[in-house]
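Please open the model in a viewer and keep the selection tool at hand.

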Amino acid sequence: MLALHDVGIVRTVPKWFWVWALNIQTIYLSYNQISGNLSQVLINSTNFLADSNRFVGQLPHLSPNVVLFNIANNSLSGQISSFLCQKMNERSKLRLLDLSNNALSGELGHCLMRWQSLTHLNLGSDNLSGEIPESIGSLFSLKALHLHNNSFSGGIPLSLNNCTFLGLIDFAENKLTGNIPSRIGERTNLMAIRLSSNEFFGDIPQQICRLSSLIILDLANNRLSGSIPRCLNNISAMATIPSAIDDKFSTLKFSIYLGYQGSYLGHREDLILVVKGRKSTHTNILPLVRIVDLSCNNLSGGIPIEISSLFGLRSLNLSRNHLMGRIPENIGGMKYLESLDLSDNHLSGEIPQSITNLTFLSYLDLSYNNLSGRIPSSTQLESFNAFDFIGNPELCGAPLLKNCTENEGPRGDENVEGSERSWFYIGAATGFIVGFWGVSGALL
């Protein structure tokens, strides 16, 4: 084994190194500033990790012995098909392939079927184009698939349904179109679906509610229409409170034996998510994330009350749609919610008093709706500023500068007392009228 990762090496690899390295089982050169052209290099090591360096040229040739190949975050270029269609004397043993964050181009083509041993494939943030080929369905052992931030077009291939072990799909930031396939609900192992920033249209399929293990649903920034499925509360993984020992992503981990002193090197999945208004990469905390992001679509109708049964949810973003009606009264039951964005809709009525129960809430945006009445008062809500409530002309109370009048929603017991007082006067008036006409009728 050769382990020289993250030791500050700044130099070009000499040609003799690659000949010498043919007999090294594990080469670990990640997180340096090592440079060199890999176009004519043959990699024979079982595990080769050289991500986050300065390698250039085309992708190297792999021998069938390679199990892990990670060359992410470099400056490699050329056609991806030249690599995928390379000739081998025997079937490849490759299980993890990470070519992300390079400058690779072209279409995937049909040669994916040559890599049927793959369990983890990351081709994100390159310059790839064309349709996702049906040959992707020949990767029967695939667990994690990242194709984000490319220029893929067309729809999601139906053959993807053959990948029965698939736990993570990341197709975000492409030019994919069409409907989200209803058969996606048959992939019950799915824990994360990220399809944001594409051109998908049509309804959110009801079958998505069958994904009981799902903890990340990101469909933001598409052209989806129709209503939010009322059955989302059937996603049991979101309805339960996450714990440190309940690692939903444990089945996606990839570990390699380093060959000495019983040591292992682990690989963990990551996802780029927008939480609390910020876009960031989630890796170590990913198993604890519970997120639904349906923002920036054309969704209509109301917010289903069933969504407030997702007690383990950490982030809910329904902003920039055409949602109407009231905020669910029992939204305060989602006690682990840290981020709530319902801005830029047509929501009306008062803000539910139960929202004061969200003690973990650190990001809130209810701006630009038709909300009215007094903003509920709590220590947590007082930490937000006026911009989080702006654009609701009938809303009043802190932190807005508009003060509430007596007619604008007294809080708590005052509402109950006022309601009882009103019914007392109505009852008294009714009794007077009935009594008056009774007496008048007798006199006549």
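A disulfide is here a pair of cysteine sulfur atoms within 2.5 Å. The model is predicted, and it holds three disulfides.

Begin with cysteine 396 and cysteine 404, which are joined by a disulfide with an S to S distance of 2.0 Å. This link is right-handed, with 105° about the S-S bond. Cysteine 396 is buried at 0% relative accessibility, whereas cysteine 404 is partly exposed at 21%.

Next, select cysteine 85 and cysteine 111, a disulfide with 1.9 Å from S to S. Cysteine 85 lies in the loop between α2 (80–84) and β10 (96–98) and cysteine 111 in the loop between β11 (103–106) and β12 (120–122), so the bond ties together parts that are 26 residues apart in sequence. Cysteine 85 is partly exposed, with a relative accessible area of 28%; cysteine 111 is buried, at 2%.

Move on to cysteine 209 and cysteine 231, whose sulfur atoms are 2.0 Å apart in a disulfide. Both cysteine 209 and cysteine 231 are buried.

Now display the open sheet of 12 strands, paired in parallel in the order β9-β11-β13-β15-β17-β19-β21-β27-β29-β31-β33-β34. At its edges stand β9 (77–79) and β34 (394–396), each with a single partner strand, so one side of each has no neighbour in the sheet. Neighbouring strands are turned by 20° against each other on average, direction ignored.

Finally, select β27 (residues 298–302) and β29 (residues 322–325), parallel strands joined by three bridges. Glycine 301 has leucine 323 in β29 as its bridge partner.

How values were computed:
Residues are numbered from 1 along each chain as its sequence is written. This is a predicted model: local features need pLDDT of at least 70, side-chain atom pairs count only at pLDDT 80 or more; totals for chains, interfaces and linings use all residues. Side-chain values use heavy atoms; hydrogens and water are left out. Two strands pair if DSSP finds at least two bridges between them. Helices (H or I, at least four residues) and strands (E, at least two) are DSSP runs, numbered from the N terminus. Axes are lines fitted to C-alpha atoms, for helices over the stretch in contact, and angles run from 0 to 180 degrees between N-to-C directions. Buried means under 20% relative accessible area, exposed over 50%, partly exposed in between (1.4 Å probe, protein chains only).
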